Amino acid sequence: MRPIFIIGYMASGKTTFGRALARELKREFFDLDFYIEQRFRKTIREIFAEKGEDGFRQIERDMLREVGEFDNAIISCGGGTPCFFDNMDFMRERGFTVRLATPAERIVERLVRNNSKRPLMAGKSREEIEKTVAEGLAAREPFYSKAEISFCGSRLEDKSQISRTIREFIARYPDCAR
């Protein structure tokens, strides 16, 4: 089975959606950032500090290609993954690309609620988060819009919503489930 690559902005629900979809389809789930951290035994923040963004993006590209070769996998990508090198082309050629198109307001709610987990948002006011999200979504839209499938990621707040969302996705896109 072709891999499914899940893309979208931070806090769009990629990991929650991907993990639940993998469980439902009995596939292996990979969070690309976590995969990188495990392979390099360093946090993403440490890799950025040591190698800079260019160095991190090269590692990310290489690791995307590594996990992208796994059959029967569901891969949650970092928010910037589709925006560098030929990553989006690789994902589209290798498997299905699913964009979680979560409204900016929902992303902001999630970031405000959990901003201690997001170093880029730590210490920012709600207004600063809103501005960062709006600018980030606008800058990444040309890349995100290349996904084969765009699916709403706003209903991933509890187990019931997640379950309904996954069932809806599979019913709407049965080719991904094969």
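Me: Where is the place of Arg-41?
Reply: This is a predicted model, in which local features need pLDDT of at least 70, side-chain atom pairs count only at pLDDT 80 or more, and totals for chains, interfaces and linings use all residues. Residues are numbered from 1 along each chain as its sequence is written, and side-chain values use heavy atoms, with hydrogens and water left out. Helices (H or I, at least four residues) and strands (E, at least two) are DSSP runs, numbered from the N terminus. In these terms, Arg-41 is placed in the loop between α2 and α3.

Me: Does Arg-41 count as buried or exposed?
Reply: Buried means under 20% relative accessible area, exposed over 50%, and partly exposed in between, with a 1.4 Å probe and protein chains only. Arg-41 has 75% relative accessibility, so the residue counts as exposed.

Me: What is the phi of Phe-85?
Reply: Most residues other than glycine have a negative phi. Arg-41 has a positive value, near 55°. Phe-85, found in the loop between β3 and α4, is not a glycine either, yet its phi is positive, at about 50°.

Me: What is the angle between the planes of Phe-151 and Tyr-173?
Reply: Rings of Phe, Tyr and Trp (its six-membered ring) pair if their centres lie within 6.5 Å; planes under 30 degrees apart count as stacked, over 60 as edge-to-face and the rest as tilted. The whole structure holds nine aromatic pairs. Phe-151 and Tyr-173 form an edge-to-face pair, with 6.3 Å centre to centre and planes at 80°.

Me: How many residues apart in sequence are the parts that the pair of Phe-151 and Tyr-173 ties together?
Reply: Phe-151 counts as buried at 2% relative accessibility, while Tyr-173 counts as partly exposed at 21%. Phe-151 lies in strand β5 (residues 149-151) and Tyr-173 in the loop between α7 and α8 (174-177), so the pair joins parts whose separation in sequence is 22 residues.

Me: How many charged residues are in the lining of the largest pocket?
Reply: The lining has 49 residues, with Met-10, Thr-15, Asp-31, Asp-33 and Arg-118 nearest the centre of the pocket. Ala, Val, Leu, Ile, Met, Phe, Trp, Tyr, Cys and Pro count as nonpolar, Asp, Glu, Lys and Arg as charged, and the others, Gly among them, as polar. Of the lining residues, 18 are nonpolar and 12 polar, and the charged ones number 19.

How values were computed: On a 1 Å grid over the protein atoms alone, a cavity is a set of points where a 1.4 Å probe fits but cannot get out, and a pocket is an open set with protein on both sides within 12 Å along at least five of seven lines; lining residues have an atom within 4 Å of a point.
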